[in-house]
Amino acid sequence: MSKLLRKVFSFRVFRNFLSAATPFGVRMVRFFRNPYEDYKHGASLALDKNGIVSQINEHTQNIAKRLQPHRKNVDGGLYVGVTGVSYMFYYLAKNPLLSENKTSYLEKAVEYLSPALETSAGDRTSFLLGDAGTHALAAVLKRELRDETYADHLKSYKSLYSQYLNPNFLKCGGDEFFVGRAGYLAGALWVARDIQIQIFTNEELYKICDVMIASGREYSRKHGSRCPLMYHYYNTEYIGAAHGISFILQMLLSVPGYLEHNKSAAHDIKSTVDFIASLQTEEGNWPCCMEEIGLPEHKLVHWCHGAPGTVYLMAKAYLVFKDQKFRNACIKAGEVTWNKGLLRKGPGICHGVAGNGYVFLLLFRLTGDEKYLHRANLFAAFMTTDEFLRDARLPDNPESLYEGTAGTVCYLADLLVPDTAAFPFQNVFS
């Protein structure tokens with residue numbers, strides 16, 4: 001098991017530590033008190049574009065100083081390696097309001113991707129942690145640069161396909177986002193959208209979906225689950241976006257035409273989404289995993305575990321099924337994120353303020369309500385306050401895409417174009 005996978009696997013121990021009382025009987029406070037007034041309808045929304053661009057420039061300069069494009073920084077792939085920084089620069093280059101710097105952004109994207117193309121990130125088939133994500137990014141980046149070698153990276157990405165058809169290709173749980181089939185599907189859909197080329201036929205995508213359905217049905221049957229599909233990662237039935245069922249279901253809903261292609265799968269997907277929706281608490285959050293159902297409180301309000309990640313499944317379900325209860329679930333998720341989403345864990349998108357701010361950009365696109373744009377802007381502003389800069393925790397990988405400021409930069413860039421904003425690799429509108 002790689003160092004990073006061991007870190008991911010240790011989440012259960014870490015979660016239990018966070019839930020425990022300190023020696024003095026005082027529980028840890030995971031979020032800053034929200035100091036802001038909510039939006040009053042009719043008020044003007046004045047986005048400080050120059051201020052946002054200034055923040056982006058400051059962050060990118062610091063990243064370039066502190067995280068060098070070296071082979072020693074490849075481990076962790078898109079998640080915490082230099083590949084994620086390459087993605088950030090590519091993302092900036094695609095932003096129409098930052099077009100004056102497009103050439104330099106693309107040059108930096110290539111610079112940060114190069115060491116990842118020269119050495120393995122550790123796991124060939126992993127989209128978020130390994131080489132699959134590197135080849136996906138290389139394909140879209142080189143296509144943007146009109147470099148014909150993009151086709152070689154597409155070929156490398158597609159060459160992994162048959163491994164995902166093996167029902168037992170990962171015993172730790174082969175269906176989730178970081179290392180499993182859902183991540184591979186997310187990458188395939190993202191690449192196809194960005195380069196406007198269908199890299200897999202619908203039938204090829206359906207075969208992966210069928211394996212995921214069979215996997216979820218078998219696990220559910222063996223473990224007496226309360227819904228027709230259930231999945232595990234290292235024997236934990238996670239609910240959230242990082243390793244859990246919500247991202248898996250979102251990908252099954254995102255493959256074009258799959259629900260019509262496989263009617264029995266469509267029934268099980270809808271029933272399982274209904275069940276996940278029913279687990280939302282009155283406050284608007286979700287348990288981290290199935291074993292926490294029924295606990296009086298669910299404390300983690302993160303993209304990786306909690307409402308800020310599960311909301312994407314609810315939004316996709318609303319767009320697919322047109323059922324108002326899924327839209328209502330999104331609204332409730334937005335409320336708990338507004339109240340408890342200014343996290344002390346840092347600025348990142350996995351378990352930080354920027355990731356929670358993305359909830360409001362999602363809700364703005366979903367509802368058109370300017371309240372959510374107001375909230376998104378304030379979450380960005382909070383990351384510049386003395387309180388946050390003084391008291392927020394320094395992430396383990398402070399310049400990375402998911403844990404650090406590279407993800408923050410993507411969020412800030414999306415504030416400039418909220419009509420097209422989307423959490424990386426999780427665009428529910430496409």
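Rings of Phe, Tyr and Trp (its six-membered ring) form a pair if their centres lie within 6.5 Å, and such a pair counts as stacked with planes under 30 degrees apart, as edge-to-face over 60, and as tilted for the rest. The model is predicted, so local features need pLDDT of at least 70 and side-chain atom pairs count only at pLDDT 80 or more, while totals for chains, interfaces and linings use all residues. Residues are numbered from 1 along each chain as its sequence is written, and side-chain values use heavy atoms, with hydrogens and water left out.

**Exercise 1.** State how many aromatic pairs the structure holds, and classify the pair of Tyr206 and Tyr258.

*Solution.* The count of aromatic pairs is 35. For Tyr206 and Tyr258, the centres are 5.7 Å apart and the planes make 45 degrees, which means that the pair is tilted.

**Exercise 2.** Locate Tyr206 and Tyr258 in the chain, and decide whether Tyr206 is buried or exposed.

*Solution.* Helices are DSSP runs (H or I, at least four residues), numbered from the N terminus. Tyr206 belongs to helix α11 (residues 202-222) and Tyr258 to helix α13 (residues 258-261), so that the pair links distant parts of the chain, 52 residues apart. Buried means under 20% relative accessible area and exposed over 50%, with partly exposed in between (1.4 Å probe, protein chains only). Tyr206 has 8% and is therefore buried, and Tyr258, with 0%, is buried.

**Exercise 3.** Find what share of the 430 residues of the protein chain counts as buried.

*Solution.* With the cut-off of under 20%, the buried share is 58% of the 430 residues.

Definitions and conventions. Helices (H or I, at least four residues) and strands (E, at least two) are DSSP runs, numbered from the N terminus.
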